[in-house]
Amino acid sequence: MTTVSLHNLSHTFPYGPPVLHDVSLTVGQGELMVLLGPSGSGKTTILRSIAGLVPPTDGDIRFDNQSVLGVPPERRGAVMVFQEHALFPFMDVGANVAFGLKMRRAGASTIRTKVAQALAAVQLAGYEDRRPDELSGGQRQRVALARALVIQPRVLLLDEPLSSLEPSLREDLRVTIRTLQQQAGITMIFVTHDQTDAVAVADRICLLMQGAVRQIGEPRSFFERPVDSDVARFFGGINFLPGIKRGRIVETDLGPLEVDDTDKPDGDVLVTIRPEAVEVGRNGHNNLVGLVETYSFQGLVARCGAGISDTHLQLTVTPYQRFSRGEEIILHLPRERIHLLPAENGQ
């Protein structure tokens, strides 16, 4: 297992603006790190730099604390699985998976055994003689994973491996990727723009915006403890209230709200609470009376908007809770679910 560390990594393409700004990150041995961010945030550039396909303008990349900047891609031990699978169309599945082993001059018996094991690991046992054009998109991606894993790389790099798949296949392959990574104990870096994919597979997430690291942490931390409003919004936060903190009370347009103890100093803050954390019904503290403005049934959940004075709150409820426009509703904001962010400019 290998530790991958980036030290003050920066990159600027010729005649273009900077793509990466002073990125530092450590991926532990056997960890699955997700690089998450919107298009253009620098995710794939980082992945290609680790693979040796794009040399950084500045900074260092180390495997087990040894710089690999002078090591050619084929000798780094980092294997990249691309979004478009990159299978050889003129080879059958078995030959595709065996390609890396043949380049390493493995014996025929070893190749047969390892190919069979790799295909079984991705739930494609017996598919050796099929052609890529006979497979579904999900199956082709599984073949690409098997081809990467069969050579036992030090680091596995996945570039948007699920983006072209329909939802049901995405869910299945998320489970497969996570299971394979844990069984192999391999260090894996997974690039995606999709929060659901990131949260489902990651040990930790590195959120990139405009080429810089905004937050690194376990998936839950991005929902419960975002570092600022941009991070909160990226993960679906929609309730934001300017306020003034005085001890455990924050004065807002909704009135005074009780919050948990925090080391955030008194003064201007931005209050946020996730829509799924807002509760219906009176419960001790932070109880608000509002009127239902919108209600939308969405299958597994329902979305509800409530007006309180001149302020609006969004909440997510079970699909069995039904509300009508204009109906009075009592909302409870649990103090332990309220998070205080830095005040926004102009607040």
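**Note on helix packing and the core**

1. The axes of α3 and helix α4 (residues 108–121) come within 9 Å and cross at roughly 120°. Axes here are lines fitted to C-alpha atoms, for helices over the stretch in contact, and angles run from 0 to 180 degrees between N-to-C directions. Helices are DSSP runs (H or I, at least four residues), numbered from the N terminus. α3 and α4 are therefore oblique to each other. Angles under 35 degrees count as roughly parallel, over 145 as roughly antiparallel, 65 to 115 as roughly perpendicular, and the rest as oblique.

2. This is a predicted model: local features need pLDDT of at least 70, side-chain atom pairs count only at pLDDT 80 or more, and totals for chains, interfaces and linings use all residues. Residues are numbered from 1 along each chain as its sequence is written, and side-chain values use heavy atoms, with hydrogens and water left out.

3. The crossing of α3 and α4 is right-handed. That term applies if the near helix is turned clockwise from the far one by less than a right angle; anticlockwise is left-handed. From α3, the contact (heavy atoms within 4.5 Å) takes in Val93, Gly94, Val97, Ala98, Leu101 and Lys102. From α4 come Ile111, Lys114, Val115, Ala118 and Leu119. By class, the residues of this contact are eight nonpolar, one polar and two charged. Ala, Val, Leu, Ile, Met, Phe, Trp, Tyr, Cys and Pro count as nonpolar, Asp, Glu, Lys and Arg as charged, and the others, Gly among them, as polar.

4. Now α3 (residues 93–103) against α5. Their axes come within 7 Å and cross at roughly 30°. The two helices are therefore roughly parallel to each other. α3 passes α5 in a right-handed crossing. Val93, Asn96 and Val97 in α3 meet Val143, Ala146 and Arg147 in α5. This contact has four nonpolar, one polar and one charged residues.

5. Which residues touch the most other members of the largest nonpolar core? They are Val34, Val97 and Leu156, out of 46 residues. Helix α5 (residues 137–149) gives the most to this core, with six residues. A nonpolar core is a set of buried Ala, Val, Leu, Ile, Met, Phe, Trp, Tyr and Cys residues joined through side-chain atoms within 4.5 Å. Leaving out residues up to four places away in sequence, Val97 touches Val115, Ala118, Leu119, Val143, Ala146, Arg147 and Val150.

6. Seven of the nine residues of helix α1 (residues 43–51) are buried, so α1 is largely enclosed by the rest of the structure. Buried means under 20% relative accessible area, exposed over 50%, partly exposed in between (1.4 Å probe, protein chains only). Among the buried residues are Lys43 and Ile50. Gly52 follows α1, and its phi is positive, near 90°.
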